[in-house]
Amino acid sequence: MSIINNAIRPENKGKIVKVSEYLGYHLANDLIVLLGEHYSAFITGHYWLIESSSSSLETQYGRSMIAIQPDLWLTPITPPGSNTNESHKSHLDVPIKIST
């Protein structure tokens with residue numbers, strides 16, 4: 001789950017969506033084909049297929065339950081009770097020896 005923090009269509013900002021499929025790394029203006037429809041990558045970066053629980057996402061094709069979104073424009077929602085620091089902690093516990 002994520003919150004849309006930036007969007008081509010301002011009405012999509014702030015919406016909570018399900019991030020359902022990784023679409024790959026695309027350069028700005030690359031063509032992304034999804035379910036027979038053609039989208040242009042807005043910016044260079046990683047892209048995701050996002051889903052809304054209702055037809056509340058505005059796209060170039062009108063209202064939809066799905067859309068594409070660059071990773072940089074999504075803010076992940078951390079599930080309650082999960083500790084995000086644990087997944088990044090293991091490599092930090094390695095002692096570093098500095099020679100002088």
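Analyst: The answers below take the terms in turn.
This is a predicted model, in which local features need pLDDT of at least 70 and side-chain atom pairs count only at pLDDT 80 or more, while totals for chains, interfaces and linings use all residues. Residues are numbered from 1 along each chain as its sequence is written, and side-chain values use heavy atoms, with hydrogens and water left out.

User: Why is Leu 57 called buried?

Analyst: Buried means under 20% relative accessible area, exposed means over 50%, and partly exposed lies in between (1.4 Å probe, protein chains only). Leu 57 has a relative accessible area of 1%, and therefore counts as buried. Leu 57 is placed in strand β6. Of the 100 residues in the chain, 28% are buried.

User: Is Arg 63 buried or exposed, and why?

Analyst: Arg 63 has 57% relative accessibility, which is over 50%, so it is exposed.

User: How do you know that Glu 58 and Arg 63 form a salt bridge?

Analyst: A salt bridge is a side-chain nitrogen of Lys or Arg within 4 Å of a carboxyl oxygen of Asp or Glu. The closest N and O atoms of Glu 58 and Arg 63 are 3.2 Å apart, so the pair meets this rule. The count by this rule is one salt bridge.

User: Why is Asn 5 called partly exposed?

Analyst: Asn 5 has 36% relative accessibility, which lies between 20% and 50%, so the residue is partly exposed. Asn 5 is found in the loop between β1 (2–4) and β2.

User: What makes an opening a pocket, and what volume does the largest pocket have?

Analyst: On a 1 Å grid over the protein atoms alone, a pocket is an open set of points where a 1.4 Å probe fits, with protein on both sides within 12 Å along at least five of seven lines; lining residues have an atom within 4 Å of a point. Grid points are joined across faces, edges and corners, and a volume is the space filled by probe spheres set on the points. The largest pocket has a volume of about 190 Å³. Of its 15 lining residues, the closest to the centre are Arg 9, Phe 42, Glu 58, Thr 59 and Ile 68. Elements giving two or more residues to this lining are β4 (37–40), β6 (57–59) and β8 (66–70). The largest share, three residues, comes from β8.

Technical notes
Helix = DSSP H or I, 4+ residues; strand = E, 2+ residues; numbered from the N terminus.
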